[in-house]
Amino acid sequence: MEVQQKLYPIGIQTFSELIRKNYLYIDKTEYVYCMTHSASKYKFLSRPRRFGKSLLTSTLHSYFAGQKELFEGLAIEKLETEWMEYPVLHFDMSLGKHMDCGQLNRYLASQLERYEDIFGLGGSQMDVNLRLTSLIRTAYEQTGRQVVVLIDEYDAPLLDVMHEEKNLPVLRNVMRNFYSPLKACDPYLRFVFLTGITKFSQLSIFSELNNIENISMDEPYAAICGISEEEMLSQMADDLVVLAERMQISREEVIMKLKENYDGYHFTWPSPDIYNPFSLLTAMSKGKIDSYWFGSGTPTYLIEMLNRYGVKPQQIGERKALAESFDAPTEKMNDITPLLYQSGYITIKNYSSLTNLYTLDIPNKEVRMGLMKSLLPKYLHRHTTEGLTTVALLFEAIYEERMEDALRLLQAFLSTIPQCDNTDYEGHYQSLLYTIFSLLGMYVDVEVRTPRGRVDMVMRTQTTLYIVELKLNKTADAAMSQIDLKNYPERFALCGLPIVKVGINFDSESHTLKDWKIDTFL
């Protein structure tokens, strides 16, 4: 019997709509029960954009609204016995972006008005914090039950001004003022849940609300957002078959490609493998593997902060850090790590119980390729489109083991690019090559340690391992002599692939490759 393709909830974040219209729903209701029946009634969850935070918040809304019929057949149906209905105040901050102080206050007021009308409190001229206090108390008094407050994307109004020393404090004070009643209203509250991308300090945002439990790195909630590998293989088993048929490859090949492109996230350690839900579901819907999460928009604040902290492309991944260094308030950060981690551009790959150090790296191919495309304009200015075309031709040449043609193509292209800033040092060209070679979708690493020194760059294709040494205003022979003198290939002798040595000399006047030398290691 032919398997029918399901409806995939691309961009749909309302739980009741998913259930009533029979969209695919990955069951997260066991987490909902655990959260709402734990000791703390104030919870905060940080996850990257498009990872299902809004759907989770909507699920909590339906649960606390007592909509038992929506949960038929789901895990929570066997766990919950009471199904109490509570007044729910659900605030969505995702549209509060790109606003000044006055606009943001008006936006918050509009969020309150919906519920003030329900409880007969319309027309108030008080500040938003006093209005929220009045709303919570009135809802409690009129229903006789404690109030649930759900705040989705609490940090959205602050993300685009995170790098602005002038605007961030102003808007942060507006948000702190709005959230301030949550502490004073504690007797009237049943549950408070906040989601966001970044973690701001409790002092700067939540004032005296120091009892928020941050569950972002708690192992029991590791898979609360996103789709785990187990969930994909069990709850999406038919979908994998359909996708394999549409792509005309085997089910095993489909799983391998999905894993390579969309898997790799871990929000604690140990953790199940987590797939990006937006990319995974979009691939299922469209029937092909592509860049969906990154293609849906790279936040401008990320690129600006990378530039502000002087982070080179090759420095984004492979970081070791203590938890307090990356699961940390972003407004206090002294390097880019917390923002990269909380935004989903690097994730946990390992953990040492001996040192308490986490290994952080780029999660998958989709993120790596997207990052490099976003960083390419820094080196190519207005020539990024031609640069991506050149990258495609470079891929073809290197894939066909025509390194000579690839370097000649790169030489011709770079000679047409206007002079960039800071091109008079070798590191600029290392960063440029790293960005370009990463866009080829191949393994690339820089400053690789060997017993006798560090190799400038190592690139591995399916058939060959390339050892690349770079020089500036010298000669390709000098680069090759260093490879031979320090016997760099010896470090990779057991890699199982043929080794090719590549010495490249750049010229600071022409801003491109001047000469190169290619030799096979025997």
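How are H4 and H7 oriented to each other, roughly parallel or roughly perpendicular?

A: The model is a predicted one. Helix H4 covers residues 101–118 and helix H7 covers residues 167–179. Their axes come within 10 Å and cross at roughly 20 degrees. Angles under 35 degrees count as roughly parallel, and H4 and H7 are therefore roughly parallel to each other. The crossing in which H4 passes H7 is right-handed.

On the H4 side, the residues that meet H7 are Cys101, Leu104, Asn105, Leu108 and Leu112. On the H7 side, they are Val170, Leu171, Val174, Met175 and Phe178. By class, this contact has nine nonpolar residues, one polar residue and no charged residues.

The largest pocket holds about 1700 Å³ of space. It is lined by 50 residues, and the closest to its centre are Lys365, Arg368, Gly441, Met442 and Tyr443. Two or more lining residues come from each of helix H12 (251–262), helix H17 (365–375), helix H19 (384–399), helix H21 (426–439) and strand E11 (443–450). The lining of the largest pocket divides into 18 nonpolar, 15 polar and 17 charged residues.

The second largest pocket has about 930 Å³ of space. Of its 40 lining residues, Gln13, Arg49, Arg50, Phe51 and Gly52 lie nearest its centre. Helix H3 (53–64), helix H6 (156–159), helix H13 (277–286) and helix H14 (300–308) each give at least two residues to this lining, and H3 gives the most, with five. By class, the lining of the second largest pocket has 21 nonpolar, twelve polar and seven charged residues.

Two backbone sites remain. Most residues other than glycine have a negative phi, and most peptide bonds are trans. The bond that joins Trp269 and Pro270 is a cis peptide bond, with omega at about 0 degrees. Pro270 is in the loop between H12 and strand E7 (274–275); H12 is also one of the elements that give two or more residues to the lining of the largest pocket. Glu401 is not a glycine, yet its phi is positive, at about 60 degrees. Glu401 is placed in the loop between H19 and helix H20 (403–414), and H19 is likewise among the elements that supply two or more residues to the largest pocket's lining.

How values were computed
Residues are numbered from 1 along each chain as its sequence is written. This is a predicted model: local features need pLDDT of at least 70, side-chain atom pairs count only at pLDDT 80 or more; totals for chains, interfaces and linings use all residues. Side-chain values use heavy atoms; hydrogens and water are left out. On a 1 Å grid over the protein atoms alone, a cavity is a set of points where a 1.4 Å probe fits but cannot get out, and a pocket is an open set with protein on both sides within 12 Å along at least five of seven lines; lining residues have an atom within 4 Å of a point. Grid points are joined across faces, edges and corners, and a volume is the space filled by probe spheres set on the points. Helices (H or I, at least four residues) and strands (E, at least two) are DSSP runs, numbered from the N terminus. Ala, Val, Leu, Ile, Met, Phe, Trp, Tyr, Cys and Pro count as nonpolar, Asp, Glu, Lys and Arg as charged, and the others, Gly among them, as polar. Axes are lines fitted to C-alpha atoms, for helices over the stretch in contact, and angles run from 0 to 180 degrees between N-to-C directions. Angles under 35 degrees count as roughly parallel, over 145 as roughly antiparallel, 65 to 115 as roughly perpendicular and the rest as oblique. A crossing is left-handed if the near helix is turned anticlockwise from the far one by less than a right angle, and right-handed if clockwise. Contact means heavy atoms within 4.5 Å.
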